[in-house]
Amino acid sequence: MSALFDLPTAAVPDAAALAADTAIRVSSVGKTFARADAPALRVLDDINFTVPRGRVTAILGASGCGKSTLLNMIAGLLAADQGDIYLDGIRARDFTDWKRVGYLFQDDRLLPWRTALENVEFGLEAERVGRAERRQRAEQALAAVGLVGFYDAYPNALSGGMRSRVALARSLVKEPRILLLDEPFSKLDPGMRAQMHAELLQAQQERGITIVFVTHDIEEAVVLADEVVVLHPRPGRVRAIVPIDLPQPRRPADRAVGEQLRALRALV
Ligand SMILES: Nc1ncnc2c1ncn2[C@@H]1O[C@H](COP(=O)(O)OP(=O)(O)OP(=O)(O)O)[C@@H](O)[C@H]1O
């Protein structure tokens with residue numbers, strides 16, 4: 001008997017997903033929330049899509065259509081009550097390599113009593129990385145997002161854009177293979193958001209990270225994503241999966257980007 005047959009069935013990598021070099025597979029996923037004072041709320045129904053390794057996927061949809069719920073399930077923070085989610089071909093409930101899955105939240109969640117550098121180092125403390133290496137890697141991560149000179153600044157002394165950069169550095173310092181983002185730049189002004197998009201894409205291309213991000217901003221989806229999963233609300237269902245086959249960098253003023261924006265607007 002081969003070693004493979006000795007593994008519990010759930011831990012056996014999903015062959016189809018591995019063959020296609022799929023980082024994430026969402027398969028027939030549904031989610032219903034029980035509510036104390038109202039009927040149960042069916043939030044997601046029969047969601048299917050795959051995320052190729054090293055590519056960027058946007059989950060796009062109106063407010064309340066279940067985007068964050070779906071992302072939280074991919075992150076292993078919530079369990080699906082129908083279907084399965086696979087990471088690297090392994091069911092989310094059996095997946096163990098969560099250290100390599102980064103999550104950037106809507107708010108930056110910086111610790112106010114720690115400097116920028118200490119906030120970035122925080123990401124490595126749980127991994128028991130030694131002090132000197134922690135410091136060196138945190139400095140490199142902050143430098144990579146343009147924050148040389150701000151290592152000792154506390155979050156309340158930083159602008160919104162700088163705080164977003166610290167949060168991004170804190171995710172990247174852990175060298176994630178998969179990065180999940182829940183509208184992390186939605187509170188930034190358009191210029192700063194465009195800068196963060198460029199920095200995110202640069203980091204993604206240099207490191208080959210697989211990215212899934214949630215947004216209700218059609219322009220953000222078209223500018224960043226290789227593929228857009230459009231969700232329809234109540235309950236959230238996949239309305240369309242749209243490839244965005246345009247070279248980077250993409251500017252909303254470019255004709256081809258404009259055409260893609262119009263096509264997507266008709267779907268959302
Ligand atoms: N733990 C929960 N219990 C009950 N209902 C919930 C829970 N979490 C989310 N919901 C409901 O599920 C629906 C989808 O929420 P979700 O946050 O996933 O949507 P969203 O598309 O990310 O919205 P937004 O863009 O506004 O953040 C909403 O109606 C929300 O109120």
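Helix α4 (residues 116–125) and α6 have axes that come within 7 Å and cross at roughly 30 degrees. Here axes are lines fitted to C-alpha atoms, for helices over the stretch in contact, and angles run from 0 to 180 degrees between N-to-C directions. That crossing makes α4 roughly parallel to α6; angles under 35 degrees count as roughly parallel, over 145 as roughly antiparallel, 65 to 115 as roughly perpendicular and the rest as oblique. The α4 and α6 crossing is right-handed, with the near helix turned clockwise from the far one by less than a right angle. This is a predicted model: local features need pLDDT of at least 70, side-chain atom pairs count only at pLDDT 80 or more, and totals for chains, interfaces and linings use all residues. Residues are numbered from 1 along each chain as its sequence is written.

On the α4 side, Ala 116, Asn 119, Val 120, Phe 122 and Gly 123 meet Val 166, Ala 169 and Arg 170 of α6 (contact puts C-beta atoms, placed from the backbone, within 7 Å). Sorted by class, this α4 and α6 contact has five nonpolar, two polar and one charged residues. Ala, Val, Leu, Ile, Met, Phe, Trp, Tyr, Cys and Pro count as nonpolar, Asp, Glu, Lys and Arg as charged, and the others, Gly among them, as polar.

Helix α6 (residues 160–172) also packs with helix α7 (residues 190–207), at an angle of about 15 degrees and with the axes 10 Å apart. These two helices, α6 and α7, are therefore roughly parallel to each other, and α6 passes α7 in a right-handed crossing. From α6, Gly 160, Gly 161, Ser 164, Leu 168 and Leu 172 take part, facing Met 192, Gln 195, Met 196, Glu 199, Leu 200 and Ala 203 of α7. The α6 and α7 contact residues split into six nonpolar, four polar and one charged.

Turning to the ligand, 13 residues surround it, the closest being Phe 33, Ser 63, Lys 67, Ser 68 and Thr 69 (a residue is near if its C-beta atom, placed from the backbone, lies within 6 Å). At least two shell residues come from each of β1 (22–35), β2 (38–52) and α3 (67–74), and α3 gives the most, with three. The shell holds four nonpolar, seven polar and two charged residues.

Overall, the chain has nine helices and 10 strands, where helices (H or I, at least four residues) and strands (E, at least two) are DSSP runs, numbered from the N terminus.

Key
Contact = placed C-beta atoms within 7 Å.
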